[in-house]
Amino acid sequence: MVDFNLQPGVRLHVEPTSRFHVNRILINFATPQTAENSAARNLLANLLETSTAAYPTQTAFAKALNHLYGADASASVSRIGYAHTLRVRAEAVDDRFAQPGIFASLVDILYQMIFRPLITDGAFDAATFKTQRQNVANELASIKENKQYYAAWQLDRLYYDQSSLMRIPSYGRLEDLDKLTPASLVETYYDMLAHDQIDIFVYGNVDPQAVLDLFRQWPLSPRQSPLPNDIYYRQPFHHRVRELSERQDVNQAKLNLAYHFPVFYRDENYYAALVMNGILGGTPYSKLFANVREKASLAYYASSQLRLFSSHLAIQTGIDAKNYHQARQLIEAQVKAVQQGDFSETVMQEVKDALINQYQTGLDAPGGIVEHWLVDCMSNRLPAENVIESLQQVTKEQVANLAKKLQLQAVYFLDGEE
Amino acid sequence: MQQFKYSEFNQNVYQKQLDNGLLVTMLPMEGFHKTYAVLSTEFGSIDNTFVPDQKNELLTVPDGVAHFLEHKMFEKADHDAFDLFGKLGADANAFTSFTQTRYLFSTTSHLHENLDVLLDFVQDPYFTEQTVAKEKGIIGQEITMYNDDPSWRLYLGMLGNLYPNDPMHIDIAGTQESIQKITAPILYDAYRTFYQPANMNLFVAGRLDVEQVLAWVEQNQAVKHFDAPKLPKRTAVISDPTANDVIPFRTLTMAVERPKVMVGLRGIQSFENGKERLLYKWRINLLLAMLFDETSANFLRLYDTGVIDDSFNYNFEIQRGFHLATFSTDTDQMEQFADAMIQILKEAPEQLATVKNQFEDVKHAMLGRLINQLDSPENIAMLYGGSYFDHATLLDEIEILRSIDYDELAIAIDQFVKPERLSVYQIVPPTK
């Protein structure tokens with residue numbers, strides 16, 4: 001990968017490849033999460049992807065993309081540790097399979113989205129603002145409809161300390177949305193453009209120097225990155241287990257558990273943590289899957305996920321409410337079993353094979369590769385090498401010892417109404 | 001072995017029909033890590049009346065047999081095929097549609113062993129009264145689950161309007177009543193009729209060595225006994241080929257947040273060969289994109305007046321024996337939506353003329369999206385339509401789409417867009 005500094009705080013990363021038919025660009029704007037900025041930036045992303053000054057309607061914008069052989073351009077928000085990220089993405093068929101100039105035109109579309117949004121007299125277009133705010137509000141409201149997602153988020157909230165900014169979702173809260181105006185969003189926009197750390201990734205059949213020449217023309221000012229050197233959220237262990245039960249009109253109850261687990265993305269325990277999670281609940285060969293779902297038939301689903309940017313591990317299950325005590329006991333027993341090294345070498349090898357298969361499959365998916373580079377870059381890591389060897393070298397002792405770091409912190413239960 | 005070169009995309013397709021009738025198609029992808037293999041049979045939920053292998057009389061089987069068979073193929077006397085794939089590091093899956101049943105895996109290792117597992121489990125049926133009885137509960141739950149899905153109900157409701165006397169208006173999985181009537185002997189009859197190698201094909205895309213894969217498949221097939229290749233005998237599907245039986249309008253009441261409405265258009269064109277079918281398909285796709293996609297004036301007008309929102313969708317599908325277009329949205333203005341769709345279609349020639357200057361861009365966009373699929377082994381494999389399309393691959397479809405001129409869209413309108421074959425189906429929430 002070839003890296004360029006376009007300005008202090010603005011980097012361009014180019015990886016040429018002729019393997020794919022499509023070229024991809026990802027532009028990431030990053031700033032620390034605050035109490036208010038996530039809803040504003042979410043709505044901003046929606047506005048940027050809807051229209052621009054040159055393409056003032058969805059139809060005009062869609063026509064411009066059609067003209068580039070069905071190119072795609074979009075924007076969304078997400079979070080990596082403390083860093084709130086607004087990501088603008090674009091992709092188009094390579095010039096070889098279409099016509100000369102497609103890639104350069106794609107860069108121009110991104111320029112229009114980022115530097116020429118539909119702003120007049122210091123405010124976003126009122127009609128577009130109204131429609132898109134309603135769209136975001138509908139999306140936020142519909143989160144509650146997806147019970148599995150909702151329960152996972154409620155567990156995270158319960159796990160985070162009262163004062164933690166992590167309790168605010170990356171897509172924002174409904175009550176923050178109401179405070180936004182077409183003018184306030186313009187402030188959010190200029191603030192992002194002037195102060196965010198910016199990383200631009202280009203992956204495709206391109207010449208790095210030619211890409212540099214295109215992006216060097218962008219009017220980006222120098223800035224000091226607003227991010228701390230370490231973006232990982234490190235919450236200290238607390239002795240009291242936080243428990244919360246909630247009732248809603250659901251048929252299937254949800255029992256979710258959060259464990260303190262201070263292992264972070266690509267640190268010295270990273271690969272052992274992947275294997276440990278695969279054995280506990282991250283794969284079809286896992287203890288949670290085999291013993292809670294299959295053998296005891298206690299759960300419709302049972303799995304675990306690492307939260308490698310916020311020091312915890314989450315377990316999710318869907319159960320019959322009457323089985324709460326039995327299920328909880330059995331889940332906690334699976335954690336204990338992994339801590340005691342109670343798993344076979346065969347299962348560990350199956351887990352490693354599945355992780356390796358997953359990793360290699362990922363190498364065929366260009367969109368995912370680019371997102372991975374972003375995560376590496378935000379964590380100040382070089383792209384991973386020797387992944388397969390690192391996974392193969394993980395030992396049973398390492399897994400069991402690492403599992404001993406798991407300590408229960410929060411239990412969330414979503415129950416049906418009586 | 002035949003080789004088809006696509007030098008523009010630097011890709012080759014290899015094809016060979018084995019002695020037992022199985023057609024093997026391979027599309028190697030340089031630099032990829034994953035291999036994707038799909039074994040398909042031309043047997044789907046609409047194939048409910050056929051002459052069973054070794055018999056002379058037509059037999060009508062209960063609805064849902066193809067899907068039931070797919071479920072039961074994985075289970076053997078002493079193991080489950082899913083586990084074999086799992087131990088070999090592969091992900092496996094299966095699907096049943098109206099006209100096909102497909103079994104597939106993806107893997108980055110042990111390709112030879114996984115191919116053997118795929119061919120062996122699909123070519124070795126094991127059905128007993130006990131295992132069949134056990135499956136009825138599981139499939140019954142699946143049908144209940146589909147019944148709760150308003151989008152699926154909307155689509156099936158529309159098929160019921162367009163094909164009221166034909167099997168595609170019934171859920172692919174069958175009904176609670178029909179699956180109760182399925183027995184092991186019925187499954188064996190269906191299996192022996194439709195799972196003959198001559199009625200099947202194997203498609204492999206991604207990381208692969210062509211000679212080696214073919215040798216592995218031939219070795220695997222050589223040790224098995226098959227009767228002389230022959231194709232199944234089934235009844236022609238459509239009971240009224242003139243489509244005089246289309247039901248113009250029906251409503252379903254169901255617990256939905258917002259009303260849903262679908263407009264459907266049934267086609268009755270028949271074709272000489274697969275290439276004609278694909279030409280027809282891409283002409284209609286272009287026509288519909290020009291009249292209805294996000295770049296059209298129709299879309300903007302209906303979006304801005306709240307008749308449609310982001311849930312708006314249109315689709316054309318052609319499968320063995322039938323083809324149709326659907327247009328749907330969630331909306332509080334159901335009549336306005338149906339009227340607008342019907343109006344646009346009735347005025348299709350005039351509407352098309354007003355957007356003639358968009359044709360090249362619309363076609364390029366459609367080509368670009370197809371070319372995009374070339375980066376995905378699973379999409380290449382899943383888009384492969386088999387014998388009904390003369391075994392054309394994605395690369396052939398790109399060539400066909402590229403060959404289409406604006407003037408050909410008038411032919412598509414003439415063949416397909418007939419107001420008397422339009423229908424409306426809607427789902428409304430119960431009145432409080």
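Chain B of this predicted model has a secondary structure of 16 helices and 15 strands. Its radius of gyration is 23 Å, close to the 22 Å that the globule rule gives for 432 residues, so chain B is as compact as a globular protein of that length. Some further values for chain B follow.

| Property of chain B | Value |
|---|---|
| Span of the C-alpha trace along its principal axes | about 65 × 55 × 40 Å |
| Residues that count as buried | 45% of 432 residues |
| Contacts with a separation of 6 or more that join residues 24 or more positions apart | 80% of those contacts |

Now turn to chain A and a pair of its helices. Two packed helices are described by the angle between their axes and the distance between the axes. Here the pair is α1(A), residues 37–50, and α4(A), residues 126–142. They pack at an angle of about 125°. Their axes are 10 Å apart. The crossing of α1(A) past α4(A) is right-handed.

Which residues of α1(A) and α4(A) meet? From α1(A) come N42(A), L43(A), N46(A), L47(A) and T50(A). From α4(A) come T128(A), F129(A), Q132(A), R133(A), N135(A) and V136(A). By class, this contact has four nonpolar, six polar and one charged residues.

Definitions and conventions: Residues are numbered from 1 along each chain as its sequence is written. Chains are lettered from A and ligands numbered from 1 in the order in which they are written. This is a predicted model: local features need pLDDT of at least 70, side-chain atom pairs count only at pLDDT 80 or more; totals for chains, interfaces and linings use all residues. Axes are lines fitted to C-alpha atoms, for helices over the stretch in contact, and angles run from 0 to 180 degrees between N-to-C directions. Helices (H or I, at least four residues) and strands (E, at least two) are DSSP runs, numbered from the N terminus. A crossing is left-handed if the near helix is turned anticlockwise from the far one by less than a right angle, and right-handed if clockwise. Two residues are in contact if their C-beta atoms, placed from the backbone, lie within 7 Å. Ala, Val, Leu, Ile, Met, Phe, Trp, Tyr, Cys and Pro count as nonpolar, Asp, Glu, Lys and Arg as charged, and the others, Gly among them, as polar. The radius of gyration is taken over C-alpha atoms; the globule rule is 2.2 Å times the number of residues to the power 0.38. A residue is buried if 20 or more other C-beta atoms lie within 10 Å of its own, exposed if 12 or fewer, and partly exposed in between; C-beta atoms are placed from the backbone.
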